[in-house]
Number of protein chains: 2
Amino acid sequence: MLAVLRTPYLLFLGDVQIASDAKTGAGIAYWRREQCCGQLRLPGCKADIGLPDLDLEQAREAGAQSLIIGVAAMGGAFEPQWIETLREAARSGLDIVSGMHTSLNDIPGLTELAAAHGSRLIDVRVPPRGLHVANGVRRSGLRLLTVGTDCAVGKKYTALAMDRALRQRGRKSSFRATGQTGIMIAGSGIPIDAVVSDFVAGAAEALSPANEPDHWDVVEGQGSLFNPCYAGVTLGLLHGTQADALVLCHDPSRTAIEGVEGYPIPPLNVCIARYVEAARLTNPRVRCIGIAVNSSGLPAGDHAKRRAAIEAETGLPCVDPILDGVDALVDALDTAFGRVSSPA
Amino acid sequence: MLAVLRTPYLLFLGDVQIASDAKTGAGIAYWRREQCCGQLRLPGCKADIGLPDLDLEQAREAGAQSLIIGVAAMGGAFEPQWIETLREAARSGLDIVSGMHTSLNDIPGLTELAAAHGSRLIDVRVPPRGLHVANGVRRSGLRLLTVGTDCAVGKKYTALAMDRALRQRGRKSSFRATGQTGIMIAGSGIPIDAVVSDFVAGAAEALSPANEPDHWDVVEGQGSLFNPCYAGVTLGLLHGTQADALVLCHDPSRTAIEGVEGYPIPPLNVCIARYVEAARLTNPRVRCIGIAVNSSGLPAGDHAKRRAAIEAETGLPCVDPILDGVDALVDALDTAFGRVSSPA
């Protein structure tokens with residue numbers, strides 16, 4: 001049901017004038033270097049994500065299967081000067097994968113070219129067909145969901161880091177993507193906020209299906225229970241995931257929800273209590289095992305003091321995944337759920 | 001943005017073999033008798049909702065503007081023996097309004113006929129275009145939302161009854177529909193469970209826009225915070241509505257959520273506390289003003305005793321809207337929010 005992206009990837013960076021506009025590509029290269037064969041940059045491109053520069057012919061020789069649009073520019077439309085490259089990629093049989101607002105099928109002639117050359121056009125903002133209403137039935141396997149005090153506080157990064165750390169310890173773990181960049185990194189997933197509301201919990205069930213008893217699905221959270229625009233998305237994802245473990249993600253430079261007026265972020269212990277209360281509906285044994293902060297907006301020198309204060313306030317381990325790694329959170333998972341190693 | 005259905009309605013009952021399959025039509029006739037000119041029944045139809053029988057020509061003479069498919073049969077598909085009547089309705093310029101799963105546009109030739117004769121084909125399961133993410137900004141006017149201990153416990157009926165009672169007392173009130181039958185009754189609305197999850201709270205804001213300070217929007221609730229399949233839909237609707245008042249709807253014959261295994265309905269006071277807690281995010285002054293029970297599954301003779309027990313348990317007035325009416329709930333609204341009468 002979920003489309004699976006074909007690897008290796010050729011990451012297309014266009015001719016972005018601001019390096020951070022290639023952050024989607026940079027994220028893919030950071031988390032899945034082994035499935036990227038190169039970057040394709042048009043003349044004048046100001047970004048460089050550290051992969052070999054390949055043109056389409058070189059990429060084909062390197063075995064590339066998918067051209068990934070690694071650009072997240074404002075507006076989300078394809079630039080006219082990209083079009084010929086996308087057409088040429090379709091002609092060469094590469095799948096083209098995009099998270100842009102505009103559909104690949106709206107590029108004149110691209111649908112026909114892709115059909116003629118066995119290329120798939122994959123818009124990762126479009127949910128898969130065949131989603132169902134949730135059934136609420138408990139399923140085997142373990143699940144961790146990253147939840148937030150607000151949107152854009154590091155839920156994807158934390159989930160990816162937890163998944164990587166678990167696998168580095170020899171555990172069975174899968175990162176489960178719910179947003180467009182996450183889907184490109186994981187190679188599959190469901191853009192949960194684009195799912196019809198009736199099917200959100202069911203989509204979350206489909207995303208993290210029954211698995212081995214010692215297997216962790218580490219699910220990328222979306223939105224926040226405290227954001228008046230998206231809390232319903234968050235709750236549906238939380239219920240369908242049937243999370244065993246939660247990690248609360250927080251940006252300590254923020255005191256109020258961004259993008260709306262007049263919504264203060266509650267104290268962390270209130271946030272934890274509300275998430276656990278909501279999650280208990282579908283998994284009574286759920287617990288919050290730690291806090292992940294995104295400290296990038298605050299002086300790095302104060303981090304240790306801030307972290308200690310949060311640990312004292314909540315009684316839970318706190319890390320900045322970028323500054324500290326997430327070992328303390330995996331240790332907390334062990335304490336809460338037991339050390340479940342894969343046979344290897 | 002919201003389509004407005006044109007009245008008067010001609011209610012189409014097809015050739016249903018079970019009278020209750022015409023319950024959509026019966027509901028429209030019950031709540032909006034004044035906007036219905038008649039019923040159209042095919043040979044062998046076993047339902048009769050008490051309106052004059054009209055054929056299409058008689059309906060045109062009576063001024064009918066819309067043919068409403070008043071059938072809610074299992075499966076939700078158009079019966080082959082209905083098609084010619086629907087085509088003839090389009091030819092005569094009537095709008096055709098349907099809540100069936102199948103789209104009116106999938107009936108061969110109907111789209112073209114409708115376009116040629118100025119008839120609109122309106123699928124009330126399809127959300128309007130142009131919905132936005134919520135903005136969370138407080139707006140003027142008063143809003144009441146019916147919420148449930150589960151799905152299908154009388155939220156639509158209770159909202160319609162509250163709206164009617166308010167208007168009978170000379171208040172300003174509008175029923176705001178969130179489901180297909182409600183939309184047919186109200187003549188407009190948004191099928192909230194078909195809205196993309198990101199836009200649910202925004203759709204609820206659009207559905208009950210800023211209004212006069214003494215105007216009540218009585219919003220039809222959907223789903224339940226305690227149903228693991230739909231709680232996210234419920235929360236988005238609750239947040240976007242910014243409800244001032246809640247009425248908790250409950251079926252006292254039910255001890256667990258229907259359609260899923262292992263989800264008991266919490267005690268009523270827990271349900272109330274959870275709804276109020278969730279609703280406070282967007283409206284800190286929200287309060288639950290009463291309980292509406294659907295007693296149809298229990299012996300009528302015990303109703304007074306059950307009602308008294310619920311009132312003792314919750315400290316709030318309790319009615320069965322069908323057995324008792326909703327005057328006690330409107331009285332409770334007065335007590336909580338003051339008696340705000342329209343100038344007339």
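**Domains, chains and a helix pair**

Student: How many residues of domain 1 of chain A are in contact with domain 2 of chain A?

Tutor: Eight residues of domain 1 of chain A are in contact with five residues of domain 2 of chain A. Contact means C-beta atoms, placed from the backbone, within 7 Å. The model is predicted: local features need pLDDT of at least 70, side-chain atom pairs need 80 or more, and totals for chains, interfaces and linings use all residues. Residues are numbered from 1 along each chain as its sequence is written, with chains lettered from A and ligands numbered from 1 in the order written.

Student: Which helix gives the largest share on the domain 1 side?

Tutor: Helix 1 of chain A, residues 23-31, with four residues. Helices here are DSSP runs (H or I, at least four residues), numbered from the N terminus.

Student: And by class?

Tutor: That side of domain 1 of chain A has four nonpolar, three polar and one charged residues. Asp, Glu, Lys and Arg count as charged; Ala, Val, Leu, Ile, Met, Phe, Trp, Tyr, Cys and Pro as nonpolar; the others, Gly among them, as polar.

Student: Where do the domains of chain A run?

Tutor: Domain 1 covers 9-123 and domain 2 covers 142-337. The bounds come from an automatic or database assignment. The C-alpha centres of the two domains of chain A lie 29 Å apart.

Student: New topic. How many residues of chain A are in contact with chain B?

Tutor: On chain A, 29 residues are in contact with 29 residues of chain B. Helix 7 (200-207) and helix 8 (231-241) of chain A each supply at least two residues of that side. Helix 8 of chain A gives the most, six residues. By class, the chain A side has 19 nonpolar, seven polar and three charged residues.

Student: What rotation superposes chain A on chain B?

Tutor: One of 180°, with 0.0 Å of shift along its axis and an RMSD of 0.0 Å. So the relation is that of a two-fold axis. Both copies use the same surface: 100% of the contact residues of chain A recur in chain B.

Student: Which residues make the contact?

Tutor: From helix 3 of chain A, A:Leu86, A:Arg87, A:Ala90 and A:Arg91. From helix 4 of chain A, A:Leu110, A:Leu113, A:Ala114 and A:His117. By class, this contact between helix 3 and helix 4 of chain A has five nonpolar, one polar and two charged residues.

Methods: Two residues are in contact if their C-beta atoms, placed from the backbone, lie within 7 Å. Copies are superposed by least squares on the C-alpha atoms of residues with pLDDT of at least 70 in both.
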